[in-house]
Amino acid sequence: MAGVGVKLNRFFEKKSIAADIAGFTYSIVITIAPVLMVIIGILLMGRALGLGGVPYLEKELFSCTILYVFIFALLVVSPFNAVLSKYMQDAIYEERYQDILPCYYLGLLITMIPGCLLGIPFCLWEHFVGGVGVFYVFVSFCTYLSMILVFYSMIYLSICKDYEKISIFFLIGMAAAFGLAWLLRFRFKWEVPESMLFSLMTGFFLIAVLEFTAIKRYFVKNSNRYMPVLRYFRKWWHLVVTNFFYTFGLYIHNFVFWTDDTRRIVADTFVFNQSYDMATCLAMFTNISATVIFVTHMEMHFRGKYKLYSEAVIGGKKIDIENTKSRMFRQLGNELMNLVRVQFIISVVIYLLCVVFLPQYGFAGMVMRMYPCLAAGYFILFLMYAALLFLYYFNDLPGAILTVLSFFVVTLSGSIAVMDMAEIWHGMGLVIGSFVGWSVAYARLRWIERNLDTHVFCQGFMVKQAKGPKPSGLVYKRADENKEEEIG
């Protein structure tokens with residue numbers, strides 16, 4: 001996210017309340033604004049069209065459809081986006097702009113294949129076993145594919161640092177969806193769920209088209225070189241594993257409780273646990289500000305220290321390298337501690353507000369009993385994610401894999417272990433898994449600090465690696481030996 005820190009510094013260096021508000025607003029725009037727009041758009045759409053008055057089964061079917069669309073679209077895109085981002089960053093650095101479109105097209109194909117393999121059987125089951133109408137199933141599948149396109153294209157615009165444009169596209173898409181839903185419902189007399197689902201599908205597809213148009217405007221030429229992209233997947237397979245298990249770990253505790261006796265099944269197809277899922281949603285939004293805080297502080301403070309260290313490695317003296325390394329890791333520790341302190345205060349305030357006000361709006365019982373433990377789990381989880389990004393900074397891919405695998409395995413086993421306990425402990429699997437993942441990531445960061453010189457200076461090779469006959473071990477031959485051979 002190079003360049004973001006410059007803009008943030010322009011806001012915060014003025015040291016006024018208005019500038020701080022502007023800086024915080026900009027941080028929201030480049031991080032969580034698209035998610036907030038979708039949530040607000042769906043809520044406003046449901047309120048305007050009267051979703052609350054829809055029969056229970058139809059309303060639950062629509063809610064489950066949207067839930068599954070978001071979860072599984074993100075799971076499909078996540079394994080590949082890190083490798084594609086890496087390839088695109090390297091291509092831009094080497095000024096191979098003509099290689100971006102082949103990366104986009106091939107990456108889209110690679111993403112869509114597992115997306116369809118996952119979605120088509122599910123939709124067939126939904127229709128033939130669940131008895132859901134063909135039109136509703138088809139629109140659901142198109143919404144799912146449109147969401148995959150949106151998530152996928154966001155990668156490329158993020159690399160181009162077009163965060164504001166992404167938020168504008170989401171605003172346009174959700175505004176168009178709201179207008180179309182109102183028109184379908186009150187002018188053409190469609191049912192509420194069909195109106196909302198078709199409008200969301202259209203809005204998501206519009207966002208994807210706008211994103212693709214922006215990408216085509218940036219990158220016009222096409223080199224048709226697809227093999228280098230495939231070779232990147234073989235070279236950087238660590239990123240595929242890391243992203244997949246981190247994203248899967250975000251939802252694995254929900255999947256575990258979807259097998260609990262308190263689960264609900266809609267149309268013999270959709271499985272969910274309303275109380276646990278709602279508590280999870282509240283816990284995530286209690287701590288989501290950590291993303292904004294981390295991006296802000298990381299871009300404003302740590303990135304500068306990292307850049308100074310990199311410049312010292314390239315052309316500085318030994319004392320310069322040691323000094324910049326010391327300052328960099330001191331700043332890293334400060335950023336993690338600042339994130340803990342600030343986010344803890346925010347989470348406590350939001351938690352108290354939720355405990356006081358949410359029961360007045362129907363959020364009580366099991367939801368509020370599960371909420372405290374899950375809120376603590378997501379607090380630690382976002383800290384683990386911050387440490388994981390630092391591991392990416394230092395190219396410690398084995399450490400990143402070890403972190404997410406520890407997080408995933410412990411969260412899965414812990415969630416299974418606490419299923420039979422009281423509701424207040426149902427989030428303990430996430431708490432323990434996040435803490436283990438955070439501990440592994442922090443231990444790897446300390447290991448990197450102790451071994452950074454080896455990590456940086458001892459990773460290359462004196463001779464280019466290649467397959468073939470072993471070269472001769474002869475390095476030098478004296479001139480007098482050559483003369484003796486000629487005389488003989």
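This report describes the helix packing, selected residues and cysteines of one protein model.

The model is predicted, so local features are reported only at pLDDT of at least 70 and side-chain atom pairs only at pLDDT 80 or more, while totals for chains, interfaces and linings use all residues. Residues are numbered from 1 along each chain as its sequence is written, and side-chain values use heavy atoms, with hydrogens and water left out.

## Overall make-up

The protein has 17 helices and 2 strands. Helices (H or I, at least four residues) and strands (E, at least two) are DSSP runs, numbered from the N terminus. Of the 488 residues in the protein, 47% are buried. Buried means under 20% relative accessible area, exposed means over 50%, and partly exposed lies in between, with a 1.4 Å probe and protein chains only. Contact means heavy atoms within 4.5 Å. Among contacts between residues at least 6 apart in sequence, 80% join residues at least 24 apart.

## Helix pairs

Axes are lines fitted to C-alpha atoms, for helices over the stretch in contact, and angles run from 0 to 180 degrees between N-to-C directions. Angles under 35 degrees count as roughly parallel, over 145 as roughly antiparallel, 65 to 115 as roughly perpendicular, and the rest as oblique.

| Helix pair | Axis separation | Angle |
|---|---|---|
| α10 and α11 | within 9 Å | roughly 160° |
| α13 and α16 | 12 Å | about 170° |
| α11 and α14 | 7 Å | about 45° |

Helix α10 covers residues 237–257 and helix α11 covers residues 274–287. Their angle makes α10 roughly antiparallel to α11. The crossing of α10 and α11 is right-handed. A crossing is right-handed if the near helix is turned clockwise from the far one by less than a right angle, and left-handed if anticlockwise. On the α10 side the contact uses H253, N254 and F257, which meet Y276, D277 and T280 of α11. By class, the residues of this contact are 2 nonpolar, 3 polar and 1 charged. Here Ala, Val, Leu, Ile, Met, Phe, Trp, Tyr, Cys and Pro count as nonpolar, Asp, Glu, Lys and Arg as charged, and the others, Gly among them, as polar.

The contact of α11 with α14 has 15 nonpolar, 4 polar and no charged residues.

Helix α13 (residues 318–357) and helix α16 (residues 428–457) form another pair. Their angle makes α13 roughly antiparallel to α16. From α13 the contact takes in I321, K325, M328, F329, L332 and L336, and from α16 it takes in W438, L445, I448, E449, L452, D453 and F457. These divide into 10 nonpolar, no polar and 3 charged residues.

## Two residues within these helices

T324 lies in helix α13 and is buried, at 10% relative accessibility. Its C-alpha atom is separated by 5.0 Å from that of Y309, 15 residues apart along the chain. Not counting residues up to four places away in sequence, T324 touches L308, Y309 and A312.

G433 is found in helix α16 and is buried, with 0% relative accessibility. The C-alpha atoms of G433 and T411 are separated by 4.2 Å, although the two residues are 22 apart along the chain. Leaving aside neighbours within four places in sequence, G433 is in contact with F407, V410 and T411.

## Two loop residues with positive phi

A267 is not a glycine, yet its phi is positive, near 55°. A267 lies in the loop between β1 (264–266) and β2 (270–272), and is partly exposed at 24% relative accessible area.

N395, also not a glycine, has a positive phi of about 60°. N395 lies in the loop between α14 (366–393) and α15 (397–417), and is partly exposed at 44% relative accessibility.

## Cysteines

A search of the whole structure finds 0 disulfides, a disulfide being a pair of cysteine sulfur atoms within 2.5 Å. The closest cysteine sulfur to that of C116 belongs to C123 and is 9.8 Å away, too far for a bond. C116 is partly exposed at 24% relative accessibility, whereas C354 is buried at 13% relative accessible area.
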